[in-house]
Amino acid sequence: MVTLYKMELKETEKRLLEAVSHIVENDGFTKIGVNRIANQAGCDKVLIYRYFGGLDGLLVEWAKRHDYYSFAYSEFIDTIKRVKDGNIKQIVKDVLMCQLNYLKDNVLMQELLVCELSGHSSFKGIIEERERIGHKLQEELNKFLDRGGDNNMSIAIIISAINYIVLFTRQYHKINGIDFSKPEAWERMEAMISKYVDFIFDNNCL
């Protein structure tokens, strides 16, 4: 009986999380609400409060599966801990390139960032979780960098540039004469990110 309950619990949680994805993908976050999610999942809205503590808790749990920096730590931490000093530069590049390509190809992540910028309180928990995990990853990387350099700011600027360019080019293809509707523009961006990382490490490595 207990096993069956646990199986049902997991299945209901899965349906609720999938319902959030369905609504966001088709209508955006402006249509997100407890009633709409429950109807889409085919369950009582009370279960959202029982399993997730409410809408905010559900969105945070959803973000852990779709927000890049909410799961990047677990993706890269083992590699970072095993790395030799000379290879950490490539790991930083990998983290940033993965962010670029994940965001570029993931409409759900794009919608999440757009709605966060609106300042809606429902996204506070997601933002705090991303900041906590992202900073935790940065601290691991900082072990290989000179503490005298402003490494956090350097990486923050690159992360922000990636977010802005991907979101801006959803509607407007050109930035400073560069047409991001063409694959070669993204290839140029990857090459420039790589150069920025080289600059950070060449000037800040231990």
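C115 is a buried residue, because its relative accessible area is 12% and the cut-off for buried is under 20%. C98 sits in the middle class: at a relative accessible area of 36%, this cysteine is partly exposed. What does the disulfide count come to? It comes to zero, with a disulfide taken as a pair of cysteine sulfur atoms within 2.5 Å.

Keep in mind that this is a predicted model, and that the numbers here are computed from it.

## The overall layout

Let's step back to the whole chain. It has 10 helices and two strands. The chain counts 206 residues, and 44% of them are buried.

## Helix α7, mostly tucked away

α7 covers residues 107-116. How many of the 10 residues of α7 are buried? Eight of them are, so this helix is largely enclosed by the rest of the structure. The buried set is made up of L108, M109, Q110, E111, L112, L113, C115 and E116, which brings back C115 from the opening section, with its 12% relative accessible area.

The N-terminal end of α7 has a cap, provided by N106. A side-chain oxygen of N106 lies 3.1 Å from the backbone nitrogen of L108, and L108 is one of the buried residues of the helix.

## The annotated stretch and its surroundings

UniProt, in an unreviewed entry, places a "DNA-binding region" at residues 33-52. In the model this span is 75% helix and 0% strand, and its end C-alpha atoms lie 14 Å apart.

V34 belongs to helix α2, residues 34-41. Is V34 buried or exposed? With 15% relative accessibility, V34 counts as buried. D44 is 10 residues away from V34 in sequence, and their C-alpha atoms are 9.6 Å apart in space.

G54 is another residue to look up from here. You'll find G54 in the loop between α3 (46-52) and α4 (55-66). G54 is buried too, with a relative accessible area of 4%. Although G54 and V34 are 20 residues apart along the chain, 8.0 Å separates their C-alpha atoms.

## The largest pocket

The largest pocket has a volume of about 510 Å³. Its lining takes in 24 residues, and Y69, E131, G134, A156 and I159 are the ones nearest its centre. Which helices each supply at least two residues of this lining? They are α5 (68-82), α6 (88-105), α7 (107-116), α8 (124-142) and α9 (151-168). α8 makes the largest contribution, with eight residues. Sorted by class, the lining has 14 nonpolar, seven polar and three charged residues.

While you are looking at α8, find K136, which is in that helix. K136 is partly exposed, with a relative accessible area of 38%. The C-alpha atoms of K136 and Y73 are separated by 7.5 Å, although the two residues are 63 apart along the chain.

## The second largest pocket

Next comes the second largest pocket, with a volume of about 400 Å³. Of the 17 residues in its lining, A161, I165, M189, M192 and Y196 are the closest to its centre. α9 and α10 (183-204) each supply at least two residues of this lining, and α10 gives the most, with eight.

What is the make-up of this lining by class? It has 16 nonpolar residues, no polar ones and one charged residue.

## The loop between the strands

Last stop: the two strands. N176 lies in the loop between β1 (174-175) and β2 (178-179). Its phi is near 55 degrees, a positive value in a residue other than glycine. N176 is exposed, because its relative accessible area of 77% falls in the class over 50%.

Definitions and conventions: Residues are numbered from 1 along each chain as its sequence is written. This is a predicted model: local features need pLDDT of at least 70, side-chain atom pairs count only at pLDDT 80 or more; totals for chains, interfaces and linings use all residues. Side-chain values use heavy atoms; hydrogens and water are left out. Buried means under 20% relative accessible area, exposed over 50%, partly exposed in between (1.4 Å probe, protein chains only). On a 1 Å grid over the protein atoms alone, a cavity is a set of points where a 1.4 Å probe fits but cannot get out, and a pocket is an open set with protein on both sides within 12 Å along at least five of seven lines; lining residues have an atom within 4 Å of a point. Grid points are joined across faces, edges and corners, and a volume is the space filled by probe spheres set on the points. Helices (H or I, at least four residues) and strands (E, at least two) are DSSP runs, numbered from the N terminus. Ala, Val, Leu, Ile, Met, Phe, Trp, Tyr, Cys and Pro count as nonpolar, Asp, Glu, Lys and Arg as charged, and the others, Gly among them, as polar. UniProt positions are given in the numbering used here, feature names are shortened, and annotations may be inferred rather than shown by experiment. A polar contact is a pair of N or O atoms within 3.5 Å; within protein, one must be able to donate a hydrogen and the other to accept it, and residues adjacent in sequence count only if both atoms are side-chain atoms.
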